[in-house]
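Please read it beside the sequence and the model.

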Amino acid sequence: MNYFKKPWVLAVLGIVIVIAVFLVFSGKSKSPFETARVVRGSVSEEVSVTGKVKPAKNVDLAFEKSGRIAAVNAQVGDRVYIGESVIALDAVEFEAQLSKAEADLAAQNSDLAKAEIILSNYYGSIPDILNNAYAKADDAVRKQLDALFTNDDLQNPSLTFQTKDIAIDNNLRQLRLSATSDLAGWSSDLAVMAGMDSKIEFQNYLVKSKNYLTTVRSLLSKAMEAVVNAADSSLTQSLIDSYKTNINTARTNVNAVLADITDQEQSISAQKAAVASLEANVKSYEAGLANIKAQISKTVIYSPISGVVTFQNAKVGEIASPGALMVSIISASNFEVEANVPEADIAKIKVGEEGTVTLDTYGNDIIFNIKVSSIEPAETVVEGVATYKTKFQFLKNDDRVKSGMTANITVFTDKRENALTIPQRAVTNQNGEKFVLVDKGNGVSEKRVIETGLRGVDGNVEILKGLEENESVITNNL
């Protein structure tokens, strides 16, 4: 019997052949390696450490000096606010000293005010003194010496008589010209000074006025010399006597106003010294007063922060010793987490980066947001490993956060989107290079040097160079 002529036999034989071919070829294509494809995705890098919740501020307070405790204003557990008095010593003695110091300072300020008024009055009298001096000088030059000259205020004044010495004549006429110029300048100064209220300028005008008067006095002296040395028959005796009288009158007046100016300068100088002395006294008394106030302030412990009292060791009537711990306060809010970050991770984080934290007390479902607030530059060795003390600040106050809680911190340090990634276990380090084995099929692999980037928290690593998307890398050599 020929079975191959029957249709059903041929059909079965065809199926068997197809199955055999499939098994042969499928067995040949199966790779002997465990592989993973190069795919695009996101890579997130983070640092995870464990730390402790601590108050952002924690202060221990004591007195600088001993004293009897007069008041205790807070107990353990009480909330206190910044600047609030917590414990106070008896300060009666200091308060008595303060009252006396304040009274002494008030008396010194009163004396200073009086001295400043006197000095101001001295300055205020300068315009009157100088106006009077100008009037006397003008009278001396233009009235008392008027009979001695012709063309008095012109550029070529001449004597009305002759002298025995031509040098005297020349000097006298030159001094008359100078006096005319000085009187004009002096008059302008007085006009300007009338609208001023400057103590320094007033003193400058005193000096200038003395110079003007010196010129006038020299003129008077030379005029007397000229009259005494008048040529015979040039002047009658009665005229000589009259001229001498006028000159002496002018001298007396000029000397008097010169003395007034000198006296005023001396009075101002002496009064300025008195004011300076009183100002120094006031500063000294102010320093003494400030010292007493400082001593009083040291009799009270004020809370430098707002927080909760955690320790208090004071009783009314007891004597507090200097430096002995009296009270401890922690801030009631603004808690922070302190953790030691290993040196392998410290370069990945920086101040200002944000992250999350969970507290063992509440489990992993309750997440708090934090940010890196500080990183100490010096290392802290923990179990032989160099670490760096890092502080993390809570972004929001939360009453659930308590000091001492264990905190699990995660800081998101970097992220790459649309990056080529492979499992980290596929990467091998050798002689300072990183490489992978690329599956070429049929049991053949190719060693490929690569450059990696971020290492993700999911076990994948970013590929920067060396691989293309959809290539397969060997993750485990079977």
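Over how many bridges do strand 6 and strand 9 pair, and in which sense, parallel or antiparallel? Strand 6 (residues 85–89) pairs with strand 9 over three bridges, in the antiparallel sense. The model is predicted: local features need pLDDT of at least 70, side-chain atom pairs count only at pLDDT 80 or more, and totals for chains, interfaces and linings use all residues. Residues are numbered from 1 along each chain as its sequence is written, and side-chain values use heavy atoms, with hydrogens and water left out.

- Four strands form an open sheet in the order 9-6-4-11, with antiparallel pairing; two strands pair if DSSP finds at least two bridges between them.
- Strand 9 (300–302) and strand 11 (319–320) are the edge strands, each pairing on one side only.
- The bridge partner of A88 in strand 9 is V300.
- Strands (E, at least two residues) and helices (H or I, at least four) are DSSP runs, numbered from the N terminus.

**Hairpins**

- Strand 20 (residues 433–441) and strand 21 (residues 444–455) run antiparallel and are joined by seven bridges.
- V438 stands opposite E446 in strand 21.
- Two residues lie between strand 20 and strand 21 in their hairpin, where N442 takes a positive phi near 55°.
- Strand 21 is also joined to strand 22 (residues 460–465), by three bridges and in antiparallel fashion.
- E451 has K465 in strand 22 as its bridge partner.
- The hairpin of strand 21 and strand 22 has four residues between the strands, and G459 there has a positive phi near 95°.

**Aromatic contacts**

- There are four aromatic pairs in the structure; rings of Phe, Tyr and Trp (its six-membered ring) pair if their centres lie within 6.5 Å, and planes under 30 degrees apart count as stacked, over 60 as edge-to-face and the rest as tilted.
- F368 and F394 make an edge-to-face pair, because their ring planes stand at 85°, with the centres 6.0 Å apart.
- F368 is in strand 15 (residues 363–375) and F394 in strand 17 (residues 385–394), so this pair ties together parts 26 residues apart in sequence.
- Both F368 and F394 are buried (under 20% relative accessible area; exposed is over 50% and partly exposed in between, with a 1.4 Å probe and protein chains only).
- Y134, W186 and Y212 are linked into a cluster by ring pairs.
- The charged end of K447 sits over the ring of F435, 4.2 Å from the ring centre; the criterion is NZ of Lys or CZ of Arg within 6 Å of the centre and within 35 degrees of the ring normal.

**Second largest pocket**

- The lining of the second largest pocket includes K65, D90, E93, F94 and K298; a pocket is an open set of points on a 1 Å grid over the protein atoms alone where a 1.4 Å probe fits, with protein on both sides within 12 Å along at least five of seven lines, and lining residues have an atom within 4 Å of a point.
- Helix 2 (residues 92–144) gives the largest share of this lining, three residues.

**Positive phi**

- Most residues other than glycine have a negative phi.
- E383, which is not a glycine, has a positive phi of about 50°.
- E383 is placed in the loop between strand 16 (380–382) and strand 17, and counts as exposed at 80% relative accessibility.
- N418 has a positive phi near 55°.
- N418 is placed in strand 18 (residues 406–423) and is exposed, with a relative accessible area of 54%.
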